Amino acid sequence: MKITRTLLAGSVVVLSLALAACGGGGGSGESAAKPPDAKSWQQDVKGGPIEVGVLPAAGTRSLKFLEEVAAGIEKDHPGADLKMTFANTKARPALEQRWRAGDGLDVDYTMFDGTNEALLEWADSGALLDLKPYLDQVDTTTGKPWLDQFSPAVLQFMQHPSTKKIYGVPSELSLQVLFYNAGLFKKHGITPPATWDDLTAAADRFKAAGVDPIAVTGLFEPYMGMWSDNIWLRTVGYDKVHDVLTEGKGNITDDPGFLKGLEMLQGLRDKNAFLKGFEGTDFTAAQAQFFQGKAGMILMGSWLVSEMADVIPKDFELGVLQFPAVTGGTGDQASMLATAQLMSVSAKSANIPLSLEWIRRVTSVETQTRRAGEIGEVSAVKGVSSPPGLPGISDVVAKADRLQASYYGLLSSKAKDVVYPEIAKLLFGKQDARQTLDSLDKGLRRVHGN
């Protein structure tokens with residue numbers, strides 16, 4: 001389960017040499033170097049120590065891959081010394097204490113997200129380096145502006161919504177997509193759904209063939225909530241859903257698209273489109289049953305394949321689709337819900353050129369292509385093929401007009417205890433669409449003070 005990519009418990013883990021007072025993140029603010037000239041930063045890369053945050057845990061193939069990237073930089077720039085520090089979820093409190101003390105990492109994760117107001121404070125305080133001047137320069141290895149290599153759909157994650165400065169560069173993406181069993185679709189002559197009407201027709205065909213149409217867990221509310229989240233993206237639109245649910249701006253009864261989305265979800269429930277016994281099935285078991293051919297589709301994050309690699313049959317034919325469009329929907333028909341893992345640079349780094357070079361190497365087409373093939377990560381870089389286990393997902397990303405923040409920021413909002421429990425009640429048959437809307441309206445007014 002990867003709402004946040006928690007991989008290791010405990011405090012900060014240093015993965016190479018013991019932490020030294022080096023780099024602006026790794027050292028004191030007093031030793032911070034003046035930012036290099038943006039036009040010549042690649043020529044200014046030199047040796048010296050920097051401390052970079054990494055997401056994979058010790059002993060994993062993902063970490064070994066990044067260590068190989070670091071070794072390449074150290075070989076190309078004599079004297080360079082890249083120290084890797086575990087920077088995933090459980091490590092964040094200790095790392096943020098370091099940032100507050102002026103001793104943040106040279107390169108770190110979870111310091112910025114242009115779609116999350118709570119993660120703008122580090123940029124607003126001047127703690128992060130504005131990366132736009134460097135991204136706008138021609139990469140001497142490609143002959144094109146560095147920024148041009150990234151999909152335009154991820155730009156809102158990278159840039160500050162007010163200043164348009166860039167404080168984060170994506171090393172990988174997690175996407176909410178509709179997976180389907182291509183073998184079952186072929187066997188029963190069913191066309192993969194591009195629209196909601198296609199999806200409900202496919203559900204009817206599977207029911208007639210004795211196959212449960214959709215695998216879903218009933219024991220983890222946010223995964224059930226993926227369905228309402230994606231439907232509302234189509235019937236209402238991201239901005240309004242975020243404003244109403246997460247920010248409390250306006251009421252859920254003001255836009256008929258909210259009720260329409262709930263009625264669509266009730267329609268699936270009423271035709272028994274979900275996995276038999278899903279109410280008591282945990283997410284791992286639900287996912288396993290999908291790969292065992294007991295369900296035709298599952299709405300899940302792109303981490304599904306790596307998470308379930310040990311149980312996927314070798315001959316399993318997997319298909320990947322963007323969530324179906326809703327004919328007549330007034331929302332975003334070509335957007336996708338996603339999470340971007342963003343790297344940021346400390347404005348106090350004593351070795352900004354080397355810090356930038358680390359980010360450039362990690363996000364180069366060459367590295368991203370290898371990482372997709374060997375690790376299975378989904379890339380935000382244009383021209384990178386789909387990971388072997390996720391056929392076509394790069395094309396899905398390329399066709400998206402915009403990637404929007406998964407869960408609408410609800411998981412860090414007080415409204416999370418209102419929205420997803422009510423969606424669960426709807427799926428469980430405890431209330432209908434109108435009752436769900438009324439309960440949501442009451443709960444959101446309570447938590448937001450409307």
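Residues are numbered from 1 along each chain as its sequence is written. Because the model is predicted, local features need pLDDT of at least 70 and side-chain atom pairs count only at pLDDT 80 or more, whereas totals for chains, interfaces and linings use all residues.

The domain assignment of the chain, an automatic or database one, gives domain 1 (42-173 + 339-394) and domain 2 (175-338 + 405-448). The C-alpha centres of domain 1 and domain 2 are 31 Å apart. To their contact (heavy atoms within 4.5 Å), domain 1 contributes 11 residues and domain 2 contributes 11 residues. Between them the domains bury about 940 Å², of which 62% is on carbon and sulfur atoms; buried area is the accessible area (1.4 Å probe) that two parts lose on being put together, summed over both. In domain 1, the most area is lost to domain 2 by Thr339, Leu390 and Ile393, which together account for 41% of what that side buries. By class, the side of domain 1 that touches domain 2 has 7 nonpolar, 3 polar and 1 charged residues, with Ala, Val, Leu, Ile, Met, Phe, Trp, Tyr, Cys and Pro counted as nonpolar, Asp, Glu, Lys and Arg as charged, and the others, Gly among them, as polar.

Thr281 counts as buried because its relative accessibility is 10%, the cut-off being under 20% relative accessible area (1.4 Å probe, protein chains only). Leaving aside neighbours within four places in sequence, Thr281 is in contact with Thr217, Gly218, Leu219, Ala286 and Gln289.

Conventions:
Heavy atoms only, no water. Buried < 20%, exposed > 50% of the residue type's maximum accessible area, 1.4 Å probe, protein only.
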